[in-house]
Structures are given as C-alpha cells and as structure tokens.
Amino acid sequence: MSRRSLRVLPGFNLTLGYTLFYLSVIVLIPLSAVFVKTAGLGFGQFWDVVTTPRVLASYRLSFGASLLAAAINAVFGLALAWVLVRYSFPGKKLVDALIDLPFALPTAVAGIALTALYAPNGWLGSALEPLGIKVAFTPLGVLVALVFIGLPFVVRTVQPILEDLDTELEEAAASLGARRWQTFRYVTLPILLPALLTGFALAFARAVGEYGSVIFIAGNIPMVSEITPLMIITKLEQYDYAGATAIAVVMLLFSFVLLLAINGLQAWTEKATGRNR
Amino acid sequence: MAAATALRATGNVAARFEGRAATREPHWVKWSLIAMSLTFFTLFLLMPLIAVFVEALRKGWDTYLTALIEPDALSAIRLTLIAAVIAVPLNLSFGVSAAWAITKFNFRGKHVLTTLIDLPFSVSPVVAGLIYVLVFGAQGWFGPWLQEHDLKIIFAVPGIVLATMFVTVPFIARELIPLMQAQGKEEEEAAVVLGANGWQTFRHVTLPNIKWGLLYGVILCNARAMGEFGAVSVVSGHIRGLTNTLPLHVEILYNEYQFTAAFAVASVLALLALVTLCIKTWIEHQAARSKEES
C-alpha cells in the first residue's frame, strides 16, 4: 500500500498548503530579508558594524543582565512553583493567577510602572536611595525589568512537573532514612532539573530580545545602559538600515541557537518525566 | 515559548503532600519559603500593577477620564482594536490548520515545521519590526513598486497589522498542537468512515475536544496583539491620531512628561491584562471540570 492511501482523514493538502503559505508570507520571507540585505554588505563591513565599542557594550549588558535575570528567576521561580503546588495558604489562587501578569501586561505598561516604582522619588526607589542603591536609569534597572518579564517562564514550566509527582518517591526516600533536604536534593530536584533549565532558557531568550519594558527604566546611556535591541532602533532612526540589519543578524543567529537548545531541553524534559506535551 | 503557557488542569496536590509526615517540611521551612516567594511576588509583580492605578488616579477622576476621551487616545484605541480584529482571526485560521496538518498526518519535515512555528517567539520584537521595513520600506524590496502605486505599508496601518500578526503567529498553534496530539485521530477517523465530510468531522468531533485550548490560545493571542510595543513601534512612524496604538500612545505621553495621562491610558491596558487573566483562570477551571467528567 502506498503512504497516501493510509490517510483516512481529509484536508492534508489544504491545511499543510495553507500553513506553509501563511508561515512563508508572514515569517520566513520577511526574515530572509535580513540575511539577504546583510549578504550585500560584505563580511569585513559587517564585522566592523557589529563590533564597534558601543555595540559591544550593548551585548555585554543585554546578555549579562539577561543571564542574571534568568538565574534569579530560576531560584525564585522554583520557590514560587514549590510553594504554589505543595502548600496551602490564604490568597494562593490569586497569586497563582497573577503569575502570568507579565504575559498579559503590555511591556510598555510594565516599563513605566517599574520606572515609577524605582525612580529616586518612587516607593521603592526612595527607600533604596539612602542605602546608596540606584535602580532606575542604571544597568540595575535593566535587570529589574528583565526579572519581571521572565518570571512566569520558570514557574509555569516547573509547576506542571511538580503537580504530576506522586508522594511515593519521597515517602520511599524518607523510609530509607533520608532527611527532607536530602530527599529534595537527591530525589525531587533531579526530576525537576530539565524543566528548570527549560524555564531558565525560555526566560533568557525572552530577556535578550526584550525592548518595551526595558527602555523606560534603563535611561539608555551610551556604553552604560543601552541594550542591543535599542542599538537597532538607534541605527534605524539614523536611517542606517545596513547597520541595523547587521546587528539584527547577530541577534537572530543567537535566537536560532537558543531555540535549538530549548527544543533539546524540552525533549529531555519529556523523556525524563514521561510527559508528552 | 508558549510551552510555558500551556493550559493546565489539575486537582489539589498540596493536601496530599501536607497530609503525610514523610512528605511534609517543618513549619519554619514552609513559612520561610512562603514568605520569601511572596515577598518576591509582591516586589516584582504586585507593586508594579498597583503603581499603574495609583499613578493614573493621582490627579483625580476628571483628569483620568479626560486623558481617555481625548481624540488621540480614542484613535489609538480604534487602531489597537483594528490590529487585533485582523490579526487574531487570521492567526486562529493558521493555528487550526497547522495543528490539523501536524497532528493528523505524518510527513517529512514535521519537526522542522513545528520549530519554525515557534520562531517568532524567539525573535526580538524590534527585529520583527525591522524585517517589514526591509521588505516594504522606501529602501526595501517592494518599496519602489509600492511608491509607484501610491501604496503605503510602513508608517501606516497595514505595517502595524503585519507586525502584530508576526509576533502573535505561534500562540494558537502552540496551544492546539499538544492538545490534538494527545487526543489522537481515532475519533475523527471513525467519523469519516461513517460518512462525515472534513468540515463536519472538525466541527462535531474535533472542536468539542479542543474548545478550551482554542479559547485559551485566542485570549493570550489577543492580549499580546493589543499590547505589542517593540515591533509596532518600529513600523508605526508614531503619527498621532493616525498610526498610534495604545501602547505607543502611552510612550508618547510619558516622553512628553504627561505622566498622569500616560498612566491613565496604561491603566486601560492593565485592566485588559486583568480581564485576560480572569478569563484564563475561568477556562482552566472549566477545562479541569470537563476533564473530571470524562
């Protein structure tokens, strides 16, 4: 029998055709424009554009702050997921629902709200000022915005895995004499690790490309608090399309690598936990 | 990345673990973990949300309402609605069709296709805007042709709609694919064997099984479509009353130091986010109930 006659359900050509057409027109062809445009630049010129000191400083901030934000989210996200799954406390449902706020709240709104909070005259900024800590309009502000934007990723990847765990494994560990901390460290954490790393990678990927929530609080001082997406905007405003595109290529290549890593991590999560998501 | 937003439906796990001595932490551990988590939650999520409304109402209700009904704000609301009304149904048709092709058939390159659908999630919004400038802008591929025919895409409404579509492409597909994968295709095959056509099969067999996931994808897609900032900002040109969406209007007001007005408009978007979260929680509740029933 040929492969085709095995298809009982109708609509294969129609749905796959439409899917490929839509994806090509909206995503793939426009994305290819970035590479075509850069190819016309020549490698030497491309390299010069993407390694100017100001652009290099923006990579350092974007990648550094994103890594740190994702790490902070991994720690507190794991704690939040644990608390939401394992404990009962008043207000739990409300907290659980609001975790997704960064997904639902427009980034510009988050940006101005965080700036208002952490500005020297804001609720939190005025409390930190006497301690000599400045958040708004410094790289620390970038970090705060990226922590906000990445928070749900770790919680929402770890939470379902924790919910699926049964009491038996941990009871077995306890009956063999493990202390509670040892059980967590040697039994529970290894099961959660793939999901935790996936959440970390997702938060990191989102943070590197983030724009809206960062630009208000960052202050955008050249060489100090400019993120890489802002460099693209700056070049565009100077009508330097080639420069903007070259930096976009660097960001895109990085996104592709991260996307592959995330896919690998998700496959690992599925294998490790037997979940098919 | 929508994997992190997949629809969940589970019962009360906490009681099971807290009820047994072997799987329970000491009181001080439990309450310090709760305190630590909730402090983090309050600092990073709750306070920014509250700040939006406090700042918006700082000068009273009159100023608040004035900021919302002035003509530029109204036209920003209109444009935001237009972008969402076009982008969400188109991405819905794409999501359903992609999920049908991927979950009901086997073909080569399926994994590559699934990965490509995720692509817009990992592309920076700014880059998403830039690519349309490269294709349709004055210096772009179709720039001269568009100019000849007096058509405008960049710095006009079509560009805003396109950028919005790009950033929201994966939402519904990513929600439906795992759901339809888990459901298999036996029910649909039975319907076809019994004589149903493709549309009838989808309408009466598939749709009842995926309705909550579908709705879930639609409201998340809508929230992002109405709130998108970076991509839209690149292609908009920021022409007041013409190419300003609500998030861009917030930015303009803020940069003009009209803080109260900026927060007033922002509070509308924050309310939209809260409504989205309410509907989302309600859908989770419904999905959990229908899971228990089956």
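Which helix gives the most to the lining of the largest cavity? Select H11(B), which contributes four residues to that lining; helices here are DSSP runs (H or I) of at least four residues, numbered from the N terminus. Keep in mind that this is a predicted model, in which local features need pLDDT of at least 70 and side-chain atom pairs count only at pLDDT 80 or more, while totals for chains, interfaces and linings use all residues. Residues are numbered from 1 along each chain as its sequence is written, chains are lettered from A and ligands numbered from 1 in the order in which they are written, and side-chain values use heavy atoms, with hydrogens and water left out.

The largest cavity holds about 400 Å³ of space (a cavity is a set of points on a 1 Å grid over the protein atoms alone where a 1.4 Å probe fits but cannot get out, and its lining residues have an atom within 4 Å of a point; points are joined across faces, edges and corners, and the volume is the space filled by probe spheres set on them). Among the 31 lining residues, those closest to its centre are A:Phe103, A:Arg206, B:Phe121, B:Phe171 and B:Arg224.

Next, select A:Arg206 with A:Glu210, whose side chains meet in a salt bridge at 3.0 Å, N to O (a side-chain nitrogen of Lys or Arg within 4 Å of a carboxyl oxygen of Asp or Glu); both residues are buried, meaning under 20% relative accessible area with a 1.4 Å probe and protein chains only. In chain B, B:Arg224 forms a salt bridge with B:Glu228 at 2.8 Å.

Finally, move to B:Glu25 and A:Arg180, another salt bridge, which joins two chains because B:Glu25 lies in a loop of chain B and A:Arg180 in helix H10 of chain A.

Definitions and conventions. On a 1 Å grid over the protein atoms alone, a cavity is a set of points where a 1.4 Å probe fits but cannot get out, and a pocket is an open set with protein on both sides within 12 Å along at least five of seven lines; lining residues have an atom within 4 Å of a point. Buried means under 20% relative accessible area, exposed over 50%, partly exposed in between (1.4 Å probe, protein chains only).
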